[in-house]
Amino acid sequence: MEFLVSEAKLISGSRWLLLHAVAVFAFLYLPIAVLIVYSFNSEGVGGFPPHHLTLGWYRTLFADGPIWDSVLNSLQVALAAMAISLAFGVPAALALERAQFPGKALFRRLVLLPLILPGIITGLSLLMLFNVTGTKLSLVTIVLGHGTALISVATTEVFAGLQKLDRAQEEASLDLGANYWQTFWRITVPNLKLPIIGAALLIFTLSMDEIAVSFFLIGRDNTLPLEIWGRLRRGITPEINAVSTIIFAFSLVAIVFWYRLRMRGESAAEAGTELVGAVEEEAV
Amino acid sequence: MSLLTTPNQTTLKAADQAAPTLLSIRNVAKQFGKNPVLRDISLEVAEGEFLTILGESGSGKTTLLRIIAGFESASAGEVWMGEERLDRLPPYRRLVNTVFQHYALFPHLTVEQNVAYGLRVAKRPEAEIESRVAEALDKVKMSAHAKSKPSKISGGQQQRIALARALVNRPRLLLLDEPLSALDANLRRQMQVELKSLQREVGISFIFVTHDQEEAMVMSDRIALLRSGELEQVASPREIYGRPATAYAAQFIGHTNLLQGQVRGGAVRCGCLTWSATIADGTALFSLRPENLRVVAGKTIAAGSVRVRGKVRHRAFHGATELIRVECGDGLVLVARTPGNDGVLDEVELEFSAVDAVRVRESPERL
Amino acid sequence: MFSRAYKVAVAVPPLLWVTVFLLVPYLLMFCYSFWSVSASQTIQHSWNFDNYLQLLRVDVYWQTLLRSMWIAVRVTALSLLLGYPLAYFLSFYAGKKKDLLYQLVIIPLWVSYLVRAYAWKTILGSDGVLNTLLQYVHLTKHPLEFLLYSPFAVVLTLTHIYTPFAFLPIYAALEHIPRNLVEASHDLGATPGQTFWKVIFPLSIPGVLAGATFAFVLSLGDFLAPLLLGGPSGIMISNIVVSLFGAAYNWPLGAAISLCMLVLVVGLLFFSERLEKKWSFS
């Protein structure tokens with residue numbers, strides 16, 4: 001289908017496109033590359049070229065207590081936020097994809113709004129809520145903030161998964177004698193396994209990195225990004241580079257894993273649909 | 001004179017010897033990775049001819065069409081149009097247009113704009129575009145829908161627009177990739193007739209791809225039967241039907257009985273059947289069409305005829321005729337076509353003329 | 001097909017949560033914007049329009065908002081310029097490598113915002129990588145000051161962050177275009193260039209609109225990049241809000257500005273959605 005490339009003859013226009021693509025990738029990865037390189041630099045974060053390469057900053061990092069406390073906090077928050085987002089996001093997706101009810105359009109917009117709204121608005125509005133109700137700011141308030149903001153991620157992922165699910169499978173189940181409840185648990189949910197896992201992974205990663213909403217809802221305990229933020233105010237050391245490199249490595253693994261899951265889900269769904277189609281054709 | 005016709009319109013003859021060659025496909029082969037899809041195809045298409053490339057899915061017919069259109073390039077071989085090498089040109093420089101299987105109408109343009117597309121791209125003057133488009137739409141009876149968007153018209157109507165969009169450019173050759181497959185049976189039959197008469201009127205060569213053998217027979221001047229990337233037989237519908245070259249050709253087009261026989265001294269023996277034929281000794285395969293098997297009563301056997309008795313095991317009603325399966329003993333089962341208004345029969349006597357048993361080549365499996 | 005009980009079980013819990021934690025907070029923000037803060041730093045629940053009037057009268061708010069919008073416009077334009085050709089390349093020219101390249105584009109998206117903004121800070125500073133590199137190869141003698149703590153730094157960083165955001169919907173829209181339309185266009189005599197402008201681009205417009213909206217809205221409301229890299233000349237509207245909730249302690253005024261932003265964003269989203277529908281043809 002992409003006959004231009006498969007013919008291995010790049011016409012002049014596409015040569016420029018290739019160049020542009022390379023340039024954009026360089027732009028996207030350059031800062032990250034710099035970050036990683038300088039995490040090994042003994043002399044600080046600036047200064048070209050980097051001199052003595054050392055693992056010293058990583059050693060400092062591992063001995064740094066407050067950072068690891070904040071990592072623990074972030075992990076707790078991420079897991080709790082994941083639970084909330086999925087608990088409310090999955091039913092929301094089901095409601096939007098399957099059911100018709102008054103106010104559905106408004107509901108959809110409301111659920112998806114935090115996805116595109118700048119974090120400051122979500123964070124501040126929740127701050128006002130907690131202020132009015134007299135709730136003290138703490139990791140709990142952060143969990144509530146993340147959970148709310150990330151429901152939209154769970155909803156979008158599961159919604160996409162539901163759309164790929166062939167109705168014919170559920171209809172076959174009903175035809176064979178299972179009721180709606182049984183069909184839901186035996187057919188629908190297993191097919192949603194992959195989107196749910198994918199959503200969980202995404203929510204976890206986003207929560208670990210989240211700073212905009214957390215900024216306003218922080219109490220005594222810091223999450224990792226806010227701990228780093230605090231350090232930045234005091235002065236830059238390559239230790240921050242080191243922790244950033246580690247964050248990058250984890251995010252990389254998480255996202256690649258999430259993508260693979262998604263692709264596997266898509267081909268499984270396609271295979272299922274093809275199977276149904278083939279059986280239908282035979283029957284005709 | 002219609003603006004759609006080409007100059008030098010030649011009178012169409014069934015055989016292509018009278019008309020000059022328009023397209024010459026020479027030893028074209030195509031591989032996708034390790035998978036050979038087309039092997040050594042050579043074919044000539046005459047001016048003004050309606051040629052159908054017929055084959056099952058996977059036979060390579062669409063690939064061959066796409067090579068002619070320019071969307072794929074051949075792994076080997078050449079395609080010539082007149083004196084010019086066609087396969088060296090990108091699709092936008094070939095004087096060939098395509099009617100796509102799913103029409104491929106541009107959804108963001110109106111019907112009119114769709115049809116005008118090729119002319120606009122060629123920067124023809126506005127007045128010319130307007131009149132040619134109007135005429136093309138009139139030809140396919142879609143003038144009333146000129147300002148509609150493709151999403152608002154039916155499948156059959158979209159198909160006509162796709163046709164108009166291609167023909168308005170006055171290509172030397174029109175390619176049609178299973179254009180009728182998405183239509184339901186009645187509309188399909190109607191369109192077959194319309195397409196055929198359109199082709200006659202416009203006078204350019206059509207290469208039509210389909211898997212439907214009935215469609216091929218109804219519309220074509222010649223049929224090129226493709227199997228697993230090779231040409232089984234290229235001939236007019238009558239010839240392919242009456243004198244199939246291979247077992248596959250005999251079975252793919254219409255119904256047939258394939259009889260495996262032993263030849264000794266000019267006599268063919270197949271189970272309980274015997275007839276004479278001037279063939280060398282050895283095994284031979286024969287194709288016998290059901291309509292050549294007549295239900296008879298009476299004792300006199302005509303010269304050159306063969307008779308056989310059997311029990312009727314199954315009958316299929318086809319409206320004007322019936323197809324009956326007759327078990328003749330020795331494991332021989334014959335399918336015969338009888339007029340539909342016969343009474344119900346249990347045992348029959350069938351007769352066929354020896355000349356109707358056409359010798360065909362084997363069709364070995366191709367990987 | 002679905003019973004009432006199912007609908008209730010599935011729709012009500014999220015509805016409740018979203019009402020409590022989204023709708024009510026917005027409403028609270030609405031209320032706060034009409035209150036005021038007293039000299040003793042307490043919030044008085046007296047209803048008035050003072051905050052809004054202040055927004056209209058005091059220059060700094062106006063100017064900052066305009067500057068923020070201008071920055072957002074530049075970020076959006078650059079993100080589209082970078083993102084569209086990339087998406088086009090991936091969709092139509094990348095062949096088997098398409099999947100891998102797509103992953104490469106989305107990976108930076110999920111690598112901590114803070115990490116990436118910080119990285120630019122280390123690159124652009126007067127002692128940073130770029131300046132010392134330029135001096136090392138003798139292209140400049142003195143560090144270029146404008147690189148950091150300026151609108152330039154903010155635009156650069158935000159473009160870096162939001163280009164993948166712009167890329168995603170454009171790529172999705174391009175992938176959606178049936179390839180036989182491209183073949184049909186070629187078949188009718190249009191070169192790849194003509195095919196792009198007459199067929200591909202028009203059909204990708206909803207994706208472009210979505211990408212532009214993402215980039216614009218998110219960069220408009222950004223406060224981290226300006227805080228890290230903007231300096232005094234790079235302050236954006238969200239920074240003002242942050243300070244009003246912090247040191248400058250004026251929650252009602254901050255709420256008023258936030259509400260204006262919310263209304264602006266929702267309005268933009270609505271407008272963009274209408275436009276997208278108008279340009280969508282499938």
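1. Strand 3 (residues 50–55) and strand 9 (residues 222–227) of chain B run parallel and are joined by five bridges. Within this pair, Gly55(B) faces Leu226(B) of strand 9 of chain B. Strands here are DSSP runs of E with at least two residues, helices are runs of H or I with at least four residues, and both are numbered from the N terminus. Two strands count as paired if DSSP finds at least two bridges between them.

2. The model is a predicted one, in which local features need pLDDT of at least 70 and side-chain atom pairs count only at pLDDT 80 or more, while totals for chains, interfaces and linings use all residues. Residues are numbered from 1 along each chain as its sequence is written, and chains are lettered from A and ligands numbered from 1 in the order in which they are written.

3. An open sheet of six strands in chain B has the order 6-7-8-3-9-10 and mixed pairing. Its edges are strand 6 (96–99) and strand 10 (230–235) of chain B, each of which pairs on one side only. On average, neighbouring strands of this sheet are turned by 20° against each other, direction ignored. Axes are lines fitted to C-alpha atoms, for helices over the stretch in contact, and angles run from 0 to 180 degrees between N-to-C directions.

4. A further open sheet in chain B consists of four strands in the order 2-1-4-5, with antiparallel pairing. Strand 2 (35–46) and strand 5 (84–85) of chain B each have a single partner strand, so one side of each is left without a neighbour in the sheet. Strand 4 (residues 76–81) and strand 5 of chain B are antiparallel and share two bridges; Trp80(B) stands opposite Arg85(B) of strand 5 of chain B. Helix 1 (residues 61–69) of chain B packs on this sheet, touching strand 1 (21–32), strand 2 and strand 4 of chain B, and its direction makes about 60° with that of strand 2 of chain B. Contact is taken as C-beta atoms, placed from the backbone, lying within 7 Å.

5. Strand 12 (residues 267–270) and strand 13 (residues 273–276) of chain B pair in the antiparallel sense over four bridges. They form a hairpin with two residues between them, and Gly271(B) in the turn has a positive phi of about 60°. Cys270(B) has Leu273(B) of strand 13 of chain B as its bridge partner.

6. Strand 19 of chain B runs antiparallel to strand 16 (residues 305–317) of chain B, with seven bridges, and Ser305(B) has Ser353(B) as its bridge partner.

7. The contact between chain C and chain A takes 74 residues from chain C and 72 residues from chain A. Helix 1 (residues 4–32) of chain C gives the largest share of the chain C side, 18 residues.

8. The contact between chain B and chain C takes 17 residues from chain B and 16 residues from chain C. Helix 2 of chain B gives the most to the chain B side, with three residues.

Key: Contact = placed C-beta atoms within 7 Å.
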